[in-house]
Amino acid sequence: MAHVAREVLIEYVKENQEKLYRIAYTYTKNQEIALDVVQEAITKSLGNINQLRNEEYVKSWFYRILINEAIKASKSNIYFVEYNSVENEIHSNSHENEVVEKLDIYKAVQRLDEKLKTVIILRFFEDLKIEEIAYITKTNLNTVKSRLYKGMEEIRKSIERRNI
Amino acid sequence: MSILKKAKKAYDSIEIPQELDYVVNRTIHENKLHKKNELKIWMKGATVTLATTFALFVVILNTNESFAKAVEDLPVIGRIAEVFTVREYKEENETDLIEAKIPAIKNTGNSDLENRINYEISSKINEVLDEAKQRAEEYKKAVLATGGTMDDYIPTQINVDYKITYQDEKLVSFVITKSESSASAYQEQYFYNVDIENGKELNLRDVLGENYKKIVDDSVNRQINERIQENENNIYFTADEGGFSGIENEYQDFYINENKKVTVVFQKYEIAPGYMGIQNFEIPNDITV
């Protein structure tokens with residue numbers, strides 16, 4: 001089964017590498033570190049593929065590993081991460097005001113506490129179900145819901161503060 | 001929500017570094033080099049799956065109706081095939097995953113013998129499945145009691161399957177294997193050697209004669225020595241360490257193989273370290289049945 005799971009995992013990673021990178025980047029706020037995180041998560045998941053009992057869970061299982069690696073990396077590199085690199089790495093054809101606004105909201109997400117950030121990314125950026133998020137974060141539905149709520153509150157507050 | 005939609009747009013436009021594709025492919029490739037490891041793991045997985053089949057049985061016996069529905073005749077060719085019938089049982093719930101193929105004998109012309117053996121197999125498998133289910137339940141409780149959630153719990157796979165090792169008009173020999181995957185995966189085998197003509201189960205004395213113990217002991221000792229000399233990685237416990245020091249009695253596990261020879265079996269850990277696995281020894285003497 002690990003054999004099948006391995007193929008499923010490799011295919012999943014290849015097809016979704018950009019998504020995975022964006023998640024890593026949202027935690028690490030740094031290109032190099034985000035690449036490292038993706039690399040580390042692939043190595044770890046392939047090395048532990050025998051722990052995955054059901055290849056249907058490849059996605060959730062990989063998210064869990066990726067997020068753990070991302071949090072680990074963002075903690076250890078906390079002092080030399082360049083916050084302002086974000087602007088350079090986000091492109092948009094829309095009007096400048098809009099871009100700035102989007103960026104501000106995105107940055108508000110980036111600034112969230114890890115637990116809140118994780119549920120916000122997975123729910124609103126990655127469009128996962130509450131159940132999947134509970135599995136990935138090893139919590140339950142109510143915890144996920146309350147974190148989503150808190151996360152939204154904080155984002156709103158931080159936008160309001162900026163607008164004052 | 002619209003706030004987050006805006007944030008998602010920003011998120012979706014995070015620039016993807018050119019190296020990403022290369023990094024991903026190289027990482028996957030590098031980890032493919034560990035293929036040897038993977039094969040090992042996969043083999044382990046396969047064994048576990050095999051074992052998983054067994055668990056279904058217990059449930060079957062307890063829920064006769066659904067079990068009866070699952071009963072299936074095994075289509076086999078010729079006289080030999082008719083002797084076996086197989087009941088299949090499957091159960092899947094949050095605690096365990098059981099898949100069992102349970103053999104029974106029929107059409108031997110000796111219904112007493114059939115009843116006796118089939119009952120013995122059924123009780124044995126029921127007992128084994130009950131134990132396995134109980135272990136799965138305990139394991140689940142332990143996970144939950146230590147702060148884990150059902151997401152952390154992987155259902156125990158229990159597998160029961162059988163293999164006919166020899167069969168002719170007079171004699172049938174088969175082995176039932178039960179496997180479980182839990183924290184420690186393990187396997188158990190049950191051997192049946194049936195003299196259809198005389199309606200009895202055979203032991204070593206029946207197939208090798210009065211001198212059975214010396215025949216088996218000499219042959220096993222000789223083969224252990226040969227295997228050690230063949231490959232230095234073949235390790236057996238010494239007699240002091242609980243290794244082979246002669247069989248206890250005529251009820252030692254064995255089956256008749258396709259050459260119609262007795263093959264004596266020692267379970268994992270019985271006479272050698274775990275990595276040596278189950279140990280089989282074919283005894284060259286002709287059988288007396």
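Just after helix α2 of chain A, A:K29 takes a positive phi of about 55°; this value, like those that follow, was computed from a predicted model.

Helix α3 of chain A takes up residues 31-47. Its 17 residues reach 24 Å from the first C-alpha to the last, close to the 24 Å expected at 1.5 Å a residue. The buried residues of α3(A) include A:A34, A:V37, A:V38, A:A41 and A:I42. An α-helix has 3.6 residues a turn, so residues three or four places apart point the same way. Buried positions in α3(A) such as A:A34, A:V38 and A:I42 can be read with that in mind.

Leaving aside residues up to four places away in sequence, A:A24 touches A:A34, A:V37 and A:V38, together with A:L66 and A:A70. Within the largest nonpolar core, which has 53 residues, A:A24, A:V37, A:V38 and A:L66 touch the most other members. Both domain 1 (1-80) and domain 2 (95-164) of chain A give residues to this core, so it lies between them. A second, separate core has 42 residues, among them B:I98, B:V175, B:F254 and B:I283.

Chain A as a whole contains nine helices and zero strands, and along the sequence its pattern reads α-α-α-α-α-α-α-α-α. Of its 164 residues, 41% count as buried. Among contacts in chain A with a separation of 6 or more, 69% come from residues 24 or more positions apart.

Chain B has nine helices and 10 strands. Of the 289 residues of chain B, 30% count as buried. Residues 24 or more positions apart supply 62% of the chain B contacts with a separation of 6 or more.

Helix α7 of chain B runs over residues 111-145. For its 35 residues the span at 1.5 Å a residue should be 51 Å; because the end C-alpha atoms are 50 Å apart, the model agrees with this expectation. Just after α7(B), B:G147 takes a positive phi of about 90°.

Another glycine, B:G242, is placed in the loop between α9 (212-230) and β8 (254-256) of chain B. Is B:G242 buried or exposed? It counts as exposed because it has 11 C-beta neighbours inside 10 Å, and the cut-off for that class is 12 or fewer. B:G242 and B:Y269 are 27 residues apart in sequence, and their C-alpha atoms are 9.6 Å apart in space.

Where the chains meet, 30 residues of chain B are in contact with 41 residues of chain A. On the chain B side, the elements that give two or more residues are α1 (2-12), α2 (19-32) and α3 (35-52). By class, that side has 15 nonpolar, six polar and nine charged residues.

Notes:
Residues are numbered from 1 along each chain as its sequence is written. Chains are lettered from A and ligands numbered from 1 in the order in which they are written. This is a predicted model: local features need pLDDT of at least 70, side-chain atom pairs count only at pLDDT 80 or more; totals for chains, interfaces and linings use all residues. Helices (H or I, at least four residues) and strands (E, at least two) are DSSP runs, numbered from the N terminus. The expected span of a helix is 1.5 Å times one less than its number of residues. A residue is buried if 20 or more other C-beta atoms lie within 10 Å of its own, exposed if 12 or fewer, and partly exposed in between; C-beta atoms are placed from the backbone. Two residues are in contact if their C-beta atoms, placed from the backbone, lie within 7 Å. Ala, Val, Leu, Ile, Met, Phe, Trp, Tyr, Cys and Pro count as nonpolar, Asp, Glu, Lys and Arg as charged, and the others, Gly among them, as polar. A nonpolar core is a set of buried Ala, Val, Leu, Ile, Met, Phe, Trp, Tyr and Cys residues joined through C-beta atoms within 7 Å. Domain bounds come from an automatic or database domain assignment.
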